[in-house]
Structure formats: structure tokens, C-alpha cells
Amino acid sequence: MDGMIGHIGFLAFISLTSLAPLAKADMAPFGGSLDGLAVCTEQKSGSVVLVDASNAGAPAFAWEWNAKRDPGISKENVRWFRTPSDCRMLPGRVLLMTDSAGAFARVPLATGRADAYGYIGGNPHAAEQLPGGRFIVTASSDGNCLTLFDISAHPMEPEKQFKRRYPLVNAHGVVWDERRDCLWAIGMTNIVRFAWHPESRELSETARFDFTAVAGTYGHEFQSDDRGGFFFTTNSKVAHFDPDTGAIRVVRDRKSVKSFSRNARYGDLSAVVREVWWTDRLLVDKNGVEYVVGPYPGARFYKARWAAR
């Protein structure tokens with residue numbers, strides 16, 4: 001996707017209309033266990049899916065959300081959901097996703113339907129919910145910014161939502177740090193720390209860490225390691241960032257890793273580009289032994305993360 005982001009919407013539209021559809025699970029509430037499941041953006045169908053990644057193979061998708069079949073997404077706004085670019089599970093079994101066509105959506109698994117969505121533009125690559133659920137922050141690479149949304153008054157009316165933008169070149173990832181009560185974001189060359197001021201609905205930059213000497217450029221993935229640090233990826237590396245010391249170390253020399261997620265039981269889950277910016281399979285490294293989830297012929301996975309870590 002990087003290097004072609006100016007054309008992603010058009011190319012994704014062509015792919016969705018010219019290829020045979022994948023087999024899909026019906027869009028519905030999901031009450032099953034998330035243990036061993038990966039939440040994935042699948043750009044051929046324009047869906048976010050859950051798939052069992054605990055073993056090698058290509059099991060059927062366990063669940064799917066697609067804006068075209070969500071009655072809460074207005075018909076005129078469905079065009080904002082063509083090429084899902086990010087997905088993560090929030091506490092309480094709630095999906096938060098972005099789409100490179102310009103939008104974000106929040107979907108509780110208990111209903112299978114969005115309870116909030118909004119429009120950013122600028123090729124959003126990530127979203128995070130701030131404490132309390134009232135605010136969403138997105139990272140947009142073409143827009144070179146973070147965008148803060150207040151969705152409390154108008155969760156399903158994007159044109160009425162409060163928005164405030166903060167510059168960050170090639171913004172790609174954003175994560176709330178509960179331990180330190182701050183927001184982290186990653187861009188082209190830096191990991192940036194922001195303080196959050198809910199009373200004034202403001203973010204303010206407080207620190208910046210240049211990772212280029214160790215990890216290269218084009219920051220992409222940015223995820224908690226669940227121990228107080230963060231994993232991130234660049235064009236050529238999977239790396240780790242320690243916010244307490246500022247230390248950055250390489251975890252893996254691997255190019256084009258679009259997402260990286262660690263589960264203590266199941267191992268390291270990665271989506272690694274095989275064609276243009278997507279892949280038809282997921283990779284899991286468990287204790288140094290790698291296995292493949294897939295392949296799914298014709299699929300276009302962009303990101304995948306453990307649904308429960």
C-alpha cells in the first residue's frame with residue numbers, strides 16, 4: 001500500500017468488481033470465544049473477518065463485518081468502506097476499524113452492527129479509542145495527520161462530529177497507553193507521544209523518538225506488547241520500542257510486514273506482502289517455527305492481529 005496510496009481507492013475498486021467473490025460467513029452478532037482467532041482486513045471483499053489462526057490451514061471465516069450489509073451505515077456513505085486498512089479489538093469485544101477509502105467504524109460483536117462511524121479522508125491506516133469511549137483518534141498517511149473525533153453527540157452522523165487535526169508526516173499507527181496515560185503515534189521517521197486533555201478536547205505533543213538509525217524509515221504497524229512496550233514495523237524491520245528508556249531494538253529483519261501481533265500462547269502473527277500491498281495468507285511464528293494460515297486464493301489481507309492477546 002505504501003508508495004501507491006494515491007491510487008489505492010481506484011485499484012481496490014477495480015479488484016472488488018473484477019474478481020469472483022470469496023465464500024463468506026453471514027454478518028451477524030458473534031458470541032464465540034476469541035481465543036486463537038485473528039481479526040483481519042480483507043480488501044477483496046471489503047470486509048473485516050475473524051479466522052482461526054491457532055493452527056496451520058485455511059478454515060472458513062468465523063465471522064464477518066461488511067459496511068454494505070450494515071443497516072446503520074447510510075447508503076450514500078457505504079462508498080467510504082471499500083478497502084479496510086486497520087482492525088483491532090477493544091475491551092468489551094468491540095471491533096474498531098479504518099478503511100483507506102476514508103472512514104472508521106466501531107462495531108460491538110454483540111450486535112454485529114456499527115454503533116459509531118466517521119469520515120477522515122487521507123487514507124486512514126489506524127484508529128484508537130480514548131478512555132471513556134467518547135473520542136476516537138485516527139492516523140492518516142496521505143493526510144499526514146492524526147484526527148481527533150468526538151462521537152458522543154452524533155455517533156452515526158459523521159457530518160456533525162467534532163474533528164481536530166494534528167500534523168504527523170505519513171501517520172500510520174496510534175495506540176492509547178493506559179499505563180502512562182498518554183497516546184502514542186508512529187509516522188515516517190518518529191514515534192510521537194501526546195498528552196490528552198479531555199476537558200479542552202486537545203492533544204499536545206510531549207516527546208518524539210527518531211527510529212531511523214536502528215529500524216529504517218516508513219513506520220507502519222504500531223502495537224502494544226502488553227508489557228509496557230510497543231512493537232512497530234518499517235519497510236525493512238520489525239522492531240521494539242521501550243518508552244521508559246527510549247531504546248529501540250530490531251526483533252526481526254523482514255521487509256513489508258504490514259502488521260505484527262504477539263500472543264503468549266499462540267506466537268507472533270504477521271501479515272507480510274506477497275503481491276503489491278496485500279497477501280492471501282497469514283504467518284504465525286510459534287517458538288521459532290513458522291506456519292501458514294491459508295492460503296485463501298484471491299484473498300487480499302492487509303492487516304491481521306490476534307483478537308485476544
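Residues are numbered from 1 along each chain as its sequence is written, and side-chain values use heavy atoms, with hydrogens and water left out. Because the model is predicted, local features need pLDDT of at least 70 and side-chain atom pairs count only at pLDDT 80 or more, while totals for chains, interfaces and linings use all residues.

The protein contains two helices and 24 strands. Both kinds of element are DSSP runs numbered from the N terminus (helices H or I, at least four residues; strands E, at least two). For 309 residues, a compact globule would have a radius of gyration near 19 Å, and the 18 Å of the protein agrees with this. That radius is taken over C-alpha atoms, and the globule rule is 2.2 Å times the number of residues to the power 0.38. Along the principal axes, the C-alpha atoms fill a box of roughly 50 × 45 × 35 Å.

Of the 309 residues, 58% are buried. Buried means under 20% relative accessible area, exposed means over 50%, and partly exposed lies in between (1.4 Å probe, protein chains only). The protein exposes about 12300 Å², and carbon and sulfur atoms supply 50% of that area. Accessible areas come from the Shrake-Rupley method with a 1.4 Å probe; for residues, only the protein chains shown count as cover. Among contacts with a separation of 6 or more, 48% link residues 24 or more positions apart. A contact here means heavy atoms within 4.5 Å.

Strand E13 covers residues 182-186. Five of its five residues are buried, so E13 is largely enclosed by the rest of the structure. In a regular strand the side chains alternate between the two faces of the sheet. Cys 182, Trp 184 and Ile 186 lie on one side of E13, Leu 183 and Ala 185 on the other, and both faces are covered.

E13 pairs with strand E12 (residues 173-177) in the antiparallel sense over five bridges. Two strands pair if DSSP finds at least two bridges between them. Gly 173 stands opposite Ile 186 in this pairing. The hairpin of E12 and E13 has four residues between the strands, and Asp 181 there takes a positive phi near 55°. E13 also pairs with strand E14 (residues 190-197), again antiparallel, over four bridges. Here Ile 186 faces Ile 191. Three residues form the hairpin link from E13 to E14.

A further four strands form an open antiparallel sheet in the order E16-E17-E18-E19. E16 (222-224) and E19 (248-253) each have a single partner strand, so one side of each is left without a neighbour in the sheet. The twist averages 25° from one strand to the next. E16 joins strand E17 (residues 230-233) through three bridges, with Gln 223 opposite Phe 231.

Side chains of opposite charge can pair when their charged atoms come close. The structure holds 23 salt bridges, each a side-chain nitrogen of Lys or Arg within 4 Å of a carboxyl oxygen of Asp or Glu. Arg 106 and Asp 115 meet at 2.8 Å, N to O. Arg 106 is buried at 13% relative accessibility, whereas Asp 115 is partly exposed at 29%. Asp 177 and Arg 180 have their closest N and O atoms 2.7 Å apart, and both residues are buried. Arg 262 and Asp 268 form a salt bridge at 2.6 Å. Arg 262 is partly exposed at 37%, and Asp 268 is buried at 7%.

Note on methods:
Axes are lines fitted to C-alpha atoms, for helices over the stretch in contact, and angles run from 0 to 180 degrees between N-to-C directions.
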